[in-house]
Amino acid sequence: MFNLDQLRQQIDRYLAGDLSLSELEDWFSIESWNVHQWGSAQEIDRVFSLESLFSKYHFENLGESSLRLELAMPIGPFEASIPKARLFELEYGRAPYLSL
């Protein structure tokens with residue numbers, strides 16, 4: 001069982017390169033098991049949204065760069081803590097010099 005802050009932390013770790021996609025999915029699968037029995041409405045909604053996103057990646061040819069961009073978006077009452085330059089790097093493969 002997890003809370004939304006822990007979910008955001010794990011997603012941020014993936015986006016930062018500290019976790020592989022497989023590791024994120026494994027953690028998510030274990031921690032979200034039976035969320036409909038223990039989770040709040042918001043947690044259930046987030047779990048189902050992420051399951052849908054992972055399904056699009058695996059079965060509908062959603063590219064990993066698109067998946068990363070989707071995961072970097074806010075998914076609850078919290079927001080991704082990734083700087084704008086890092087988001088650019090995730091999408092285009094390199095970060096330009098930006099004054100943020």
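**Close-ups of a predicted helical model**

**View 1. Helix H1, end to end.** H1 covers residues 4-15, and its 12 residues reach 16 Å from first C-alpha to last, close to the 16 Å expected at 1.5 Å a residue (expected span: 1.5 Å times one less than the number of residues; helices are DSSP runs of H or I, at least four residues, numbered from the N terminus). This is a predicted model, where local features need pLDDT of at least 70 and side-chain atom pairs count only at pLDDT 80 or more, while totals for chains, interfaces and linings use all residues. Residues are numbered from 1 along each chain as its sequence is written, and side-chain values use heavy atoms, with hydrogens and water left out.

**View 2. The two ends of H1.** After H1 comes glycine 17, with a positive phi near 90°.

**View 3. H2 against H4.** Helix H2 (residues 21-31) packs on helix H4 (residues 41-59) at about 145°, axes 12 Å apart (axes are lines fitted to C-alpha atoms over the stretch in contact, and angles run from 0 to 180 degrees between N-to-C directions). H2 brings Leu21, Leu24, Glu25 and Phe28 to the contact, while H4 brings Val47, Leu50, Glu51, Phe54, Tyr57 and His58 (contact: heavy atoms within 4.5 Å).

**View 4. The buried side of H4.** Buried residues here are Glu43, Ile44, Arg46, Val47, Leu50, Leu53 and Phe54 (buried: under 20% relative accessible area, 1.4 Å probe, protein chains only). They pack against H1, H2, helix H3 (35-38) and helix H5 (64-72).

How values were computed:
Buried < 20%, exposed > 50% of the residue type's maximum accessible area, 1.4 Å probe, protein only.
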